[in-house]
Amino acid sequence: MRQRINKTLILLLFIGFCGLSAAAAVAESPRRIISTNLACDEILWDLLGPNDRPRLVAVSDLARNPQYSNIWQEKELPQSTGSDRETIVSLKGDLVCLAAFNRPEILKIYASINIKTLTLGKFDSIDDIATNIQRIGDAIDRSDRAKAMLSELMTHIANKPQARKPGVLNFSA
């Protein structure tokens, strides 16, 4: 009986150890990050910083467009992917940053081939942007940098003079 208890205890310890190892592997910071939209591109670029930017292996097509992007002049920008799933799969990313406006079938494809995704929701307000920055920071193990970035953003907003809102908006063609 005692021998059976010892074997059971050893087995449980082994299973527990394996479970801890698996949890540690899951919690590991992504090394190959792929961004499929401009919001993720810009947030990731700032959160990763110069030393960690090689972790960003692909950005959206808009990252290089001076009409829309704040990072278009950066020389170290990685290749662009758009949302081309073949390219994304070939890059062997361990995190793909998407937006809720991506087509649902794209989200399903990544899930079916076991590529971890981070899907950002809304982009309509400062609170939405703050949530997105923090979620990305948490996902790439840069929570502290995200908090500092948010603090800087909120300070910048607080120090901006308030624009007078128009009482009436008139639009005519």
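Which residues in helix 5 and helix 6 meet? In this predicted model, Ile-126, Ala-130, Ile-133, Gln-134, Gly-137 and Asp-138 are the contributors from helix 5. Their counterparts in helix 6 are Ser-143, Ala-146, Lys-147, Met-149, Leu-150, Leu-153, Met-154 and Ile-157.

## Helix 5 and helix 6

The contact of helix 5 with helix 6 comprises nine nonpolar, three polar and two charged residues. Helix 5 covers residues 126-139, and helix 6 covers residues 143-159.

The axes of these two helices come within 7 Å and cross at roughly 160 degrees. Because angles over 145 degrees count as roughly antiparallel, helix 5 and helix 6 are roughly antiparallel to each other. Their crossing is right-handed.

## Helix 2 and helix 6

Helix 2, which spans residues 38-52, crosses helix 6 at roughly 110 degrees, and the two axes come within 9 Å. Helix 2 is therefore roughly perpendicular to helix 6. The handedness of this crossing is right-handed.

On the side of helix 2, the contact is made by Ile-43, Asp-46 and Leu-47; on the side of helix 6, by Arg-145, Ala-146 and Met-149. Four of the contact residues are nonpolar and two are charged, with no polar residue present.

## Helix 2 and helix 5

Helix 2 also packs against helix 5, at an angle of about 55 degrees and with the axes 10 Å apart. This angle makes helix 2 oblique to helix 5. Helix 2 passes helix 5 in a right-handed crossing.

Cys-40, Ile-43, Leu-44 and Leu-47 of helix 2 form this contact with Asn-132, Ile-133, Ile-136 and Gly-137 of helix 5. The contact of helix 2 with helix 5 contains six nonpolar and two polar residues, and no charged ones.

## The largest pocket

The largest pocket holds about 500 Å³ of space, and 16 residues line it. Helix 2, helix 5 and helix 6 are the elements that each give two or more residues to the lining. The largest share, five residues, comes from helix 6.

Which residues lie nearest the centre of the largest pocket? They are Ile-43, Asp-46, Ile-129, Ile-133 and Met-149.

How values were computed: Residues numbered from 1 in each chain as written. Predicted model: local features only at pLDDT ≥ 70, side-chain atom pairs only at ≥ 80, totals over all residues. Heavy atoms only, no water. Axes fitted to C-alpha atoms, helices over the stretch in contact; angles between N-to-C directions. Helix = DSSP H or I, 4+ residues; strand = E, 2+ residues; numbered from the N terminus. Parallel < 35°, antiparallel > 145°, perpendicular 65-115°, else oblique. Left-handed = near helix turned anticlockwise from the far one by under 90°. Contact = heavy atoms within 4.5 Å. Nonpolar A, V, L, I, M, F, W, Y, C, P; charged D, E, K, R; others polar. 1 Å grid on protein atoms, 1.4 Å probe; cavity = no way out; pocket = protein on both sides within 12 Å on 5 of 7 lines; lining within 4 Å. Points joined across faces, edges and corners; volume = space filled by probe spheres on them.
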